[in-house]
Protein chains: 2
Amino acid sequence: MQLIHLLRGLTVELDLFGSEFAGRHGLHPTDLRALIHLLDAARAGAVVTPGRLGEALRLNSAGTTGLVDRLERLGLIRRERDPGDRRKVRLVVEERAMDLGQAFFGGLIADLVAAMGRFDAAELATARRFLLAMTEVVATAREE
Amino acid sequence: MQLIHLLRGLTVELDLFGSEFAGRHGLHPTDLRALIHLLDAARAGAVVTPGRLGEALRLNSAGTTGLVDRLERLGLIRRERDPGDRRKVRLVVEERAMDLGQAFFGGLIADLVAAMGRFDAAELATARRFLLAMTEVVATAREE
DNA sequence: ACAATAATCTCGTTGGGCGAGAGAATAGTC
DNA sequence: GACTATTCTCTCGCCCAACGAGATTATTGT
C-alpha cells in the first residue's frame with residue numbers, strides 16, 4: 001500500500017522533471033513526449049510517420065501536423081518523402097535532437113545507474129521482476 | 001540500464017491510464033492531478049487554498065482560478081472562506097470527488113496489491129528500497 | 001481509366017494557461 | 001488609529017495547442 005504511493009510519487013517526480021526540462025528548452029510536454037518516442041524509434045531502427053506519431057501520442061491529424069511543424073521549426077527533426085510510397089512522410093531525427101535527448105536523459109541516467117550500484121545483482125533482479133509485474137497490471141487495466 | 005527503460009515505460013503507462021480515465025470523465029490532465037493532490041491533502045487533514053494548489057501544479061493565479069472554477073462546476077469541490085483569515089479560500093472536497101478517486105484508483109490499486117501478493121516480504125522490502133532510491137535521485141536532479 | 005482508400009495537410013473554432021493588474025483583507029509602522 | 005505594505009484571490013485580454021471537418025495528393029483495386 002505504501003509501495004503504491006511510492007510508485008505514484010516517483011511518476012510524479014519524473015513528470016515534473018520532464019516538464020521543467022521541456023519548459024527550459026522552449027518546448028511543450030507533448031513535444032518532449034514526441035521527442036522521446038522518436039528517439040526510441042530511431043534507436044530501434046523503425047521508421048516513424050506523422051500518422052504513427054500522432055497515434056502514439058493520441059493526437060488527431062491536425063494536432064500532429066502542428067506538432068511536427070514545431071519540431072521541424074526547432075530543427076529537431078526533418079520531413080522526408082518516403083521514396084517507396086510517396087504519400088508517406090518520414091520523420092528523420094536530427095543530430096540536435098539526439099544531443100537534446102542526451103542532455104535530458106544523460107545526467108539523470110548516470111545518477112540512476114550510480115544509485116543502482118548500491119544494490120546487488122539479486123536485488124536488481126527482484127526490482128526488475130517487480131517493475132515488470134506492476135507495468136503489466138497497469139497495461140492490462142488500461143484495456144478495461 | 002534495462003531497468004531504466006522499464007521505469008520509464010511504467011510511468012508512461014500510468015500517465016496514459018490517468019489521461020484516458022480523465023478523458024472519459026470529462027476532465028483534463030490538470031484537473032486529475034489537482035484532484036489527486038486535493039484527495040491526498042484531505043486524507044492528511046491539510047487545508048488547501050487556491051494559492052497552494054496552483055503552486056503545487058505550477059499554475060499561475062489566473063490558471064488556478066480557472067481550474068478551481070472547473071472543479072467547482074463539476075461538483076467535485078466547494079469554495080469556502082477561511083473564517084480565521086478572510087482573504088483565504090478553503091477548497092473543500094465533495095463526496096463526489098472521493099467517489100471519483102475511488103473509481104480511478106480503487107480497481108487499479110486492488111490489482112496492484114494482488115500482484116504484490118506474488119512477492120514475499122523481503123522482496124517487497126527490496127522493491128521499496130529501490131523505489132525510494134530512484135525517487136530520491138530524480139528529486140535531487142530536479143533541483144539541478 | 002475510375003472509383004475507393006490511404007496519408008498528410010489546411011481552415012476555423014475551442015478552451016486551458018499566461019501576464020498584468022484590480023479588488024479585498026490582514027499585518028506592520030509611525 | 002490612520003496609512004502604507006503585503007498577502008490572497010479574482011478579472012480581463014491574449015496566445016497557442018488540440019479538435020472537427022474537409023481538402024489535397026498519392027496509391028491500389030477492378
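1. Two residues are taken to be in contact if their C-beta atoms, placed from the backbone, lie within 7 Å. On that basis, 38 residues of chain B are in contact with 37 residues of chain A. This is a predicted model, in which local features need pLDDT of at least 70 and side-chain atom pairs count only at pLDDT 80 or more, while totals for chains, interfaces and linings use all residues. Residues are numbered from 1 along each chain as its sequence is written, and chains are lettered from A and ligands numbered from 1 in the order in which they are written.

2. On the side of chain B that touches chain A, the elements giving two or more residues are α1 (2-24), α5 (95-116) and α6 (121-142) of chain B, where helices are DSSP runs (H or I, at least four residues) numbered from the N terminus. The most comes from α6(B), with 16 residues. By class, this side has 25 nonpolar, five polar and eight charged residues; Ala, Val, Leu, Ile, Met, Phe, Trp, Tyr, Cys and Pro count as nonpolar, Asp, Glu, Lys and Arg as charged, and the others, Gly among them, as polar.

3. The same surface serves both copies, since 97% of the contact residues of chain B recur in chain A.

4. The largest nonpolar core has 20 residues, and among the members that touch the most others are A:L10, B:L10, A:M134 and B:M134. Such a core is a set of buried Ala, Val, Leu, Ile, Met, Phe, Trp, Tyr and Cys residues joined through C-beta atoms within 7 Å, buried meaning that 20 or more other C-beta atoms lie within 10 Å of the residue's own. Leaving aside neighbours within four places in sequence, B:M134 is in contact with A:L10, A:L112, A:A115 and B:L7.

5. DNA strand D is surrounded by 24 residues, with A:A62, A:R86, B:T49, B:G51 and B:S61 the closest; a residue is near a strand if its C-beta atom, placed from the backbone, lies within 6 Å of it. To this surface α4(A) gives the most, with six residues.

6. Around DNA strand C there are 24 residues, of which A:T49, A:G51, A:S61, B:T30 and B:A62 come nearest. Here α4(B) gives the most, with six residues.

Note on methods. A residue is buried if 20 or more other C-beta atoms lie within 10 Å of its own, exposed if 12 or fewer, and partly exposed in between; C-beta atoms are placed from the backbone.
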